[in-house]
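Reader: Please take one part of this model and look at it closely. I would like a connected account.

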Amino acid sequence: MIREIVQVGDEVLRQKCEPVTRFDQELASLLDDMKETLKKAQGAGLAAPQVGVPLRAVIVDVPEGFFEFINPVFVWQKGEQTGTEGCLSVTGKCGKVRRPNKVKIIYYDRKGDRYSVVAHGWFARAICHELDHLDGILYIDKAENLRNEDD
Ligand code: CO
């Protein structure tokens with residue numbers, strides 16, 4: 001089921017999200033809905049608070065694959081990259097953001113199994129953007145030159 005994407009100004013985007021504690025059908029439904037919602041919006045990533053659910057769960061759709069990260073935590077972050085980002089919760093805008101170039105995270109999948117992944121470039125950027133959402137941080141807080149997408 002496609003869910004409504006919350007827009008900037010909504011309080012849910014600004015809160016620190018709670019860890020997922022139950023790896024149950026409700027979580028599976030949330031993740032399935034997030035995937036469907038992301039596909040329709042043609043985005044690279046979506047965090048649970050963006051559909052109004054303040055839980056630590058994000059999905060990322062990048063050339064490396066489609067990923068579901070539950071309770072993700074950085075192990076390390078290395079290097080630096082600057083690139084343009086947008087956000088499905090801040091429609092019509094984009095801006096340049098400085099991010100680490102390479103990151104490692106540990107996370108759980110929807111079944112509660114623990115994994116880790118090393119990401120670089122665009123994949124690392126997507127992870128950083130989505131993990132920020134879990135702490136109530138939006139890329140517009142960090143962007144150097146926020147502008148309209150069409151400019
Ligand atoms: Co976003």
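Which residue follows α1, and is its phi positive or negative?

Author: Gln-42 follows α1, and its phi is positive, near 55°. The model is predicted: local features need pLDDT of at least 70, side-chain atom pairs count only at pLDDT 80 or more, and totals for chains, interfaces and linings use all residues. Numbering starts from 1 along each chain as its sequence is written, and side-chain values use heavy atoms, with hydrogens and water left out.

Now the helix itself. α1 covers residues 25-41, 17 residues in total. Helices here are DSSP runs (H or I, at least four residues) and strands are E runs of at least two, both numbered from the N terminus. From first C-alpha to last, α1 reaches 24 Å. That is close to the expected 24 Å at 1.5 Å a residue; the expected span is 1.5 Å times one less than the number of residues.

At the start of α1, a side-chain oxygen of Asp-24 comes to within 3.3 Å of the backbone nitrogen of Glu-26.

Next, the buried face. Buried means under 20% relative accessible area, exposed over 50%, partly exposed in between (1.4 Å probe, protein chains only). In α1 the buried residues are Leu-27, Ala-28, Leu-30, Leu-31, Asp-33, Met-34, Thr-37 and Leu-38. An α-helix has 3.6 residues a turn, so residues three or four places apart point the same way. The cover over the buried residues of α1 includes β1 (45-47), β2 (57-62) and β3 (65-78).

Arg-3 is partly exposed, with a relative accessible area of 23%. Arg-3 and Asp-33 sit 30 residues apart in sequence, yet 6.6 Å apart in space, C-alpha to C-alpha. Their side chains make a polar contact at 2.8 Å. A polar contact is a pair of N or O atoms within 3.5 Å; within protein, one must be able to donate a hydrogen and the other to accept it, and residues adjacent in sequence count only if both atoms are side-chain atoms.

Not counting residues up to four places away in sequence, Arg-3 touches Ser-29, Leu-30, Asp-33, Thr-37, Val-51 and Val-53. Contact means heavy atoms within 4.5 Å. Of these, Leu-30, Asp-33 and Thr-37 are among the buried residues of α1.
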